[in-house]
Amino acid sequence: MNKEKFYITTPIYYVNGEPHIGSAYTTIAADVLARFHRMKGEEVFFLTGTDEHGTKIAQAAQEQNITPQEFVDIISSKYQMAWDVLDISNDDFIRTTSSKHKDLVKFFVTKLKEVGAIYEGEYEGLYCVGCEKFLTEKELVNGECPDHKKRPELIKEKNYFFNLKKYLPEVEKRIDSGEIKILPEKIKKEVLGLFKQGLNDFSVTREKVKWGIEVPFDSSQVVYVWADALLNYITALGYGSKDDLLFRKFWPANIHLMAKEIIKFHAIFWPAMLLAVGEELPKTIFAHGFFTVDGQKMSKSLGNAIDPMELVKQFGSDATRFLLLSQFPFGSDGDVKVGNFAIQYNSDLANGIGNLTSRVLSMAEKYFPANDGSHAKGGQGASGGLVPERDSELAEPVKIIWQEFEKAMESFEVDKVIEAIKKLNGLCDSYVEDNKPWQLAKDDQEKLAKVIYNLLEALRHLGVMLYPVMPQASQKILESLGKGDFTSIKLSDLQNWGRLQSGTKVVKVDALFPRMQ
RNA sequence: CGCGGGGUAGAGCAGUUGGCAGCUCGGCGGGCCCAUAACCCGCAGGUCGCCGGUUCGAGUCCGGCCCCCGCAACCA
């Protein structure tokens, strides 16, 4: 039987700055989906990376007196370290300055020329000699370049243009019909609106830009951003090379995930380019929303950008993942109150999941102590408990929560995934109160055994459910139940009630999420 | 008349096909004692932006108005 495949991507991030909360948000969300699909037993390829060409990069490097390559090496490695710290499980990390990518982009551009999808034209724009780049109206202050206080010149240069107009009707049709799913629905509307407004052919090369991939058939030109960056999704898979096994296996992408500002390029330009060369189109393109911080748009100039690495320092990787994803519905914009992170950490994680884990394991240990003496050596929590007789009183409600959880995952509603987790947490807390194990310990051993079993088994389910969002906590919970490694077991099996064997030794863990003061 | 989103309890948000207005946090009161001073229960009563309309009945449909915000006119 062929395993189902799942190919998920984030955008490649532009290395003009270090990882920020937006890129972290996208990447964490993608990681959650990737982990979930792996749990389902699918063959997953999860790609992220960095976009490293362009004038801005060359300038930034010059300011620091290093070569552009040195500059991008530094920033790119910061992204890789950040994702490492955040437990991102990407299968590859593509860099647009890698020789593989560069070769395949050249191949692609040549192919565009061969099929007649590009033509020579003239680009006219406002050029600042000081910046050595074209400026947009938006960048100008009183009609002047803000950096050099000079009016930019209106100049023309040779460019190759992609014949977008030729492919627009087909792309529109595929989007409208849902062959390419654009999500959420409102973004789809917006994209369809763009067609009505009309779109122009776009440059795929530039003459004045120096830091980029040289156009193979015209050395005066360098490949311009979209024909470079977007290609990462297939060059990473070896498209156009001898070794294109991954490409044939994983393309088309199941989902391109991104923030909404680049939806146009992904929903329109990218499919059009793929059509031009006769390749399949991505199945789903999902654009999530933007953060505002305390009501204001996040920006470097305002100095209100949230550094994801600071969050990790404060809360840890798991909690950072959880907190970012639970701020607002995935796909909408949302405001983040910086002060709320700690409050929410305490309520959902310390008092919620952490406390539940702690109370359940404590009771197991207290009421059903293991007496084989083979405890963890040294350290605290060296005692252990045994799982008592099984019971299925919680099986049904847990099953329903699993259904909600999966539905949320399948529809990319990451925030609702978190709701499901919280619901299971709440179910367990209520169950404790309803059954009062400390009472049963005095007068009903038989029922006590069932109640504790149910709690331990529910905790196991929680541990599994936590895996996509908070892999570390998941691991700790499952280890404490003697179920550390479950990656080879399919989710559908893990979801069965009663997998936890009676008599299994459980070991209390240190606080999963220490309370913040 | 560029495109799109939104205005619901102190705050942040849910509200599918119209039918007693919900969730989380905070606040107040009670309970419990297994647990990370955690947990459970109850309460707190918001003209659902404004004005009309359709309907037995409208945050939920229609029309108009006011106010926020995002995207866009080839920034990566």
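In this predicted model, Leu 126 sits opposite Leu 154 of strand β6. The two strands involved here are β4 (residues 118-128) and β6 (residues 153-162), which run antiparallel and are joined by 10 bridges. They belong to an open sheet of 4 strands, in the order β5-β4-β6-β8, with antiparallel pairing. β5 (133-135) and β8 (202-203) are at the edges and have a single partner strand each, so one side of each has no neighbour in the sheet. As background, the strands of a sheet pair through backbone hydrogen bonds, and they can do this either parallel or antiparallel.

Parallel pairing turns up elsewhere in the chain. Strand β1 (residues 5-14) runs parallel to strand β2, with 8 bridges between the two. Within this pair, Tyr 13 stands opposite Thr 50 in β2. Getting from one strand to the other involves a helix: β1, helix α1 (residues 21-39) and β2 together make a right-handed β-α-β unit. β2 also runs parallel to strand β3 (residues 92-95), this time over 4 bridges, and Gly 49 has Ile 94 of β3 as its bridge partner. How enclosed is β2 (residues 43-51)? Of its 9 residues, 8 are buried, so the strand is largely enclosed by the rest of the structure.

β1 has another parallel partner to look at, namely β11, with 2 bridges in that pairing. Here Thr 9 stands opposite His 256 in β11. Moving on from there, β11 runs parallel to strand β12 (residues 284-288) as well, and 5 bridges join them. Met 258 is paired with Ala 287 of β12 as its bridge partner. β11 is mostly covered, with 5 of its 5 residues buried.

Since 14 of its 15 residues are buried, α10 is largely enclosed by the rest of the structure. After the helix comes Gly 278, with a positive phi near 75°.

Is Gln 344 buried or exposed? Its relative accessibility is 15%, and the cut-off for buried is under 20%, so Gln 344 counts as buried. Setting aside neighbours within four places in sequence, Gln 344 is in contact with Phe 322, Leu 323, Ser 326, Gln 327 and Leu 349. The other is Arg 359, also found in helix α13. Not counting residues up to four places away in sequence, Arg 359 touches Asp 429, Val 432 and Glu 433. With Asp 429, the side chain of Arg 359 makes a polar contact of 2.6 Å. As for Gly 125, it is 234 residues away from Arg 359 in sequence, and the C-alpha atoms of the two are 66 Å apart in space.

Finally, some backbone geometry stands out. Most peptide bonds are trans, and most residues other than glycine have a negative phi. Where are the cis bonds described here? One joins Leu 183 and Pro 184, with omega at about -10°, and Pro 184 is placed in the loop between β7 (181-183) and α6 (185-197). Another runs from Trp 251 to Pro 252, with omega near 5°. Pro 252 has its place in the loop between α9 (245-250) and β11 (255-259).

Positive phi values also occur in residues other than glycine. Asn 65 has a phi near 60° and is placed in the loop between α2 (55-63) and α3 (68-85). With a relative accessible area of 73%, Asn 65 is exposed. For Lys 436, phi is near 40°, again positive. Lys 436 lies in the loop between α15 (414-435) and α16 (437-443), and its 37% relative accessibility makes it partly exposed.

Conventions:
Residues are numbered from 1 along each chain as its sequence is written. Chains are lettered from A and ligands numbered from 1 in the order in which they are written. This is a predicted model: local features need pLDDT of at least 70, side-chain atom pairs count only at pLDDT 80 or more; totals for chains, interfaces and linings use all residues. Side-chain values use heavy atoms; hydrogens and water are left out. Buried means under 20% relative accessible area, exposed over 50%, partly exposed in between (1.4 Å probe, protein chains only). Two strands pair if DSSP finds at least two bridges between them. Contact means heavy atoms within 4.5 Å. A crossover is right-handed if, with the strands pointing away from the viewer, the path from the first strand over the helix to the second runs clockwise. A polar contact is a pair of N or O atoms within 3.5 Å; within protein, one must be able to donate a hydrogen and the other to accept it, and residues adjacent in sequence count only if both atoms are side-chain atoms.
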